[in-house]
Amino acid sequence: VIYISLQNDDPIGNINLAMEIAEKHLDIPKMLDAEDIVNTPKPDERAIMTYVSCFYHAFAGAEQAETAANRICKVLAVNQENERLMEEYERLASELLEWIRRTIPWLENRTPEKTMQAMQKKLEDFRDYRRKHKPPKVQEKCQLEINFNTLQTKLRISNRPAFMPSEGKMVSDIAGAWQRLEQAEKGYEEWLLNEIRRLERLEHLAEKFRQKASTHEQWAYGKEQILLQKDYESASLTEVRAMLRKHEAFESDLAAHQDRVEQIAAIAQELKYVPFKGLQCSTLTSSLIHTIQLSVQYFQYSALFSLRLCSSVRLTSLISAHDQFKATLPEADGERQAILSIQNEVEKVIQSYSMRISASNPYSTVTVEEIRTKWEKVKQLVPQRDQSLQEELARQHANERLRRQFAAQANVIGPWIQTKMEEIARSSIEMTGPLEDQMNQLKQYEQNIINYKHNIDKLEGDHQLIQEALVFDNKHTNYTMEHIRVGWELLLTTIARTINEVETQILTRDAKGITQEQMNDFRASFNHFDRRKNGLMDHDDFRACLISMGYDLGEAEFARIMSLVDPNGQGTVTFQSFIDFMTRETADTDTAEQVIASFRILASDKPYILADELRRELPPEQAQYCIKRMPQYTGPGSVPGALDYTSFSSALYGESDL
C-alpha cells in the first residue's frame with residue numbers, strides 16, 4: 001500500500017482497505033464494521049481489542065515462522081554441503097580406483113620383447129609413468145583421505161551419522177589397491193632391468209657363437225674330404241710314413257680343439273630358445289700356427305659387451321694381459337720369420353735339384369699362406385683391441401662419475417627426508433599456541449618441502465642417465481631411486497595429513513566453543529599419556545588417561561567408549577578422537593526433533609506440509625531441495641500433494657542415501 005495515496009477525508013475507505021489487506025495476507029477475518037467505528041461516538045472496545053489482538057498473534061506467528069525457517073535453512077545448508085562432499089569423495093574414489101585398475105595389468109604384463117630397442121621403449125614408458133602420471137595420483141590419494149577425514153569431522157560436529165562410502169570405496173580399500181599398485185610397480189621395474197641385462201648377454205653370446213663357429217668352420221673346411229681319401233693305397237713306404245705323421249699331427253690338433261667344441265655346444269644350448277639367425281655348429285682346429293690362432297680368438301671372442309660386464313679392476317687386468325700379450329709379439333714374429341726362412345730353403349732345394357715334388361709340407365696341414373694370413377689378422381686386431389679397451393676404460397670412468405654424482409645427491413636427500421619426517425612428527429605433538437598460528441607454521445613448512453622438489457627432479461635425471469648407461473650397482477650409497485621416491489611421497493602425504501588434523505581441530509573448536517586454554521589442556525593430557533610419542537594412544541594409554549580423570553571403568557563401559565573413539569578397531573586413539581570424546585556434550589547442534597518442530601510451525605501444526613508452503617517460507621534452492629527429497633505423506637488427514645516432513649527430518653540425522 002502506498003501510504004501517501006490514502007485520503008484523509010475517507011476514514012471508512014481507509015479502514016475497509018486495511019481490513020481487506022489483513023484478511024488477504026494475514027488470515028485475519030473482517031470482524032468489525034468500518035461505519036460503526038467511524039460513526040459511533042464510543043465504539044465497542046472489546047470488539048476492537050479482540051481484532052487488534054489478532055494482529056499481535058499474526059505477527060508473533062510470523063516471527064516464529066521466520067525463526068523456524070532460519071533453523072531449517074541452516075540445517076539444510078549443512079546437509080547439502082555434506083552431501084556435496086560425499087558425492088565428491090565417491091567421484092574421486094571411483095576415478096582413482098579406475099586408474100589403478102587400468103594401470104596394474106600394464107605393470108603386471110611380463111611379456112618380454114625380442115629386441116633391446118623395444119625393451120628400452122618399455123623402460124622409457126615406465127619413466128614417464130613414474131615422473132608424469134603417478135605423482136598427480138599420489139596427490140589425489142592424499143587429498144581423498146583428507147576430504148574423508150574432514151567430512152567425518154563435520155558430520156560428528158553437526159550430529160550426523162558417519163559417512164559410509166559405497167562398497168569397495170572405503171579409505172582402506174583405496175589403500176589396499178594402492179599397495180597392490182606399488183607392488184606391481186616394484187616388480188615391473190626389476191623385471192625391465194633384468195630383461196635388458198638378459199638381452200644384452202644374449203646378444204653377446206650370439207656374437208661369440210658366430211665368431212667361434214666361423215673360426216672352426218674355417219679350420220674344419222676340407223678336413224673330412226682329406227680323411228676320406230685313400231691315396232695311401234698307391235703310396236710308397238716313405239710317403240705312407242709322412243702321411244702317418246701328418247695324421248698324428250691332425251689328431252693332436254683335433255684333441256686341442258675339443259674344449260672349444262664343448263664351449264660352442266654350451267653356448268648353442270643357452271641360445272636354444274632364442275631366435276638368432278645364422279648360427280650353425282661345425283667340426284673343428286695346429287701346433288705351428290696354434291699360438292697365432294689363439295691370439296686371433298683372443299681378440300675376436302672378447303666382444304665389447306664382455307668388456308662392459310667387467311668391473312674396473314677386471315678391466316685393468318685385461319689391459320695388463322693385453323700389454324703382456326703385445327710384449328710376446330716380437331718373439332712370435334721371430335718364430336714366424338724362422339718358419340718362412342725354412343720354407344724358402346725348402347723351395348730353393350727343390351728348384352736347385354729340379355725335384356718333381358710338391359713344395360707343401362707332407363707332415364703338417366698348416367700352410368705358409370695360412371701363417372701369413374693369420375699374422376696379418378693379428379696385426380690388424382691388436383690396435384683394435386687397444387682402442388676397445390681404452391674406450392671401455394673411458395666409459396667405466398664416466399659410469400663411476402655417474403655413480404658418485406647420484407650418490408652425492410642421494411646421501412643428502414635421503415637423510416633430509418628422514419629429518420623432515422621426524423620434525424613433522426615432533427611438531428604435531430609439541431606445537432603450542434593458537435591453532436591458526438600452528439596452521440600457518442605447517443603451511444610454511446609444507447611450502448619449504450615443495451620448494452625442495454627440484455632436487456628430487458635432478459636426482460631423477462641422474463638416475464635416468466645411470467639406467468641408460470646400464471649401470472645397476474652403486475657402492476657409494478645405500479639409497480636407491482625407489483627409496484627416495486617412496487620417502488618423498490610419504491613426506492608430502494604426512495605434512496598434508498598433519499595440516500588436515502589442525503584444520504579439523506579448528507572445526508571442532510569453533511563448533512563446540514572450546515577455548516585455546518582448554519585445547520592446550522587437552523593436548524597436555526594427551527601428550528602425557530602418549531608413551532610412544534607418536535601422536536597416538538593405545539588402549540592401555542587411553543584407559544590410564546580416563547582413570548586419571550575420575551572415570552569408573554568396567555570392561556563393558558570401556559568397550560562402549562572405545563567404540564566411540566576407535567570405531568574402526570585400529571587399536572589406537574588419535575588426538576582428534578580424544579577431543580571429540582572430551583567435548584561430546586558441549587556442542588550446540590540441532591536435532592531431528594528440533595527440525596521437525598520447525599517444519600510443524602511452517603505447516604501451521606499440520607502433520608504434513610505442502611509444496612506451496614515450502615516455496616513461500618524457504619529460499620528457492622532449499623524449498624526445491626525439500627520438495628525433491630520429501631516422501632509423500634500417507635497418514636491421517638492426508639491431502640493431494642502432502643509431504644512427510646517428519647520422515648524427511650529423521651532421515652537428515654539417520655543413514656545417508658549415498
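**Close-up views of a predicted model**

View 1. Apart from its neighbours within four places in sequence, N500 makes contact with I146, N149 and T150. All views are taken from a predicted model. N500 belongs to helix α15 and has a relative accessibility of 3%, so N500 counts as buried. M439 stands 61 residues from N500 in sequence, and the two C-alpha atoms are 9.0 Å apart in space.

**View 2. Packing of helix α12 with helix α15.** Helix α12 covers residues 368-430 and helix α15 covers residues 481-512; their axes come within 10 Å and cross at roughly 25°. An angle under 35 degrees counts as roughly parallel, and α12 and α15 are therefore roughly parallel to each other. Their crossing is left-handed. On the α12 side, the contact is formed by F406, A410, I413, G414, W416, I417, K420, M421, I424 and S428. These residues meet M481, I484, G487, W488, L490, L491, T494, I495 and T498 of α15. Sorted by class, the contact of α12 with α15 comprises 13 nonpolar, five polar and one charged residues.

**View 3. Crossing of helix α17 and helix α18.** The axes of helix α17 (residues 539-548) and helix α18 (residues 555-565) come within 12 Å, with a crossing angle of roughly 115°. This angle makes α17 roughly perpendicular to α18. The crossing of the two helices is right-handed. From α17, the residues H539, F542, R543 and L546 meet E555, F558, I561, M562 and V565 of α18. By class, six nonpolar, one polar and two charged residues make up the contact of α17 with α18.

**View 4. Cysteines in the model.** The structure contains zero disulfides. A disulfide is a covalent bond between the sulfur atoms of two cysteines. For C73, the closest cysteine sulfur is that of C626, at a distance of 8.2 Å, which is too far for a bond. The cut-off applied to such a pair of sulfur atoms is 2.5 Å. C73 counts as buried, because its relative accessibility is 16%. C545 also counts as buried, with a relative accessibility of 0%.

View 5. R600 is placed in helix α20, which spans residues 592-602. With a relative accessibility of 35%, R600 counts as partly exposed. When neighbours within four places in sequence are left aside, R600 is in contact with D605, K606 and Y645. T646 is 46 residues from R600 in sequence, while their C-alpha atoms are 8.8 Å apart in space.

View 6. Most residues other than glycine have a negative phi. S604, a residue other than glycine, has a positive phi near 55°. S604 lies in the loop between α20 and α21, the latter covering residues 611-617. The relative accessible area of S604 is 55%, so S604 is exposed. D605 likewise is not a glycine, and its phi is positive, at about 70°. D605 is located in the loop between α20 and α21. With a relative accessible area of 61%, D605 is exposed. D605 is also one of the residues in contact with R600.

Methods. Residues numbered from 1 in each chain as written. Predicted model: local features only at pLDDT ≥ 70, side-chain atom pairs only at ≥ 80, totals over all residues. Heavy atoms only, no water. Axes fitted to C-alpha atoms, helices over the stretch in contact; angles between N-to-C directions. Helix = DSSP H or I, 4+ residues; strand = E, 2+ residues; numbered from the N terminus. Parallel < 35°, antiparallel > 145°, perpendicular 65-115°, else oblique. Left-handed = near helix turned anticlockwise from the far one by under 90°. Contact = heavy atoms within 4.5 Å. Nonpolar A, V, L, I, M, F, W, Y, C, P; charged D, E, K, R; others polar. Buried < 20%, exposed > 50% of the residue type's maximum accessible area, 1.4 Å probe, protein only.
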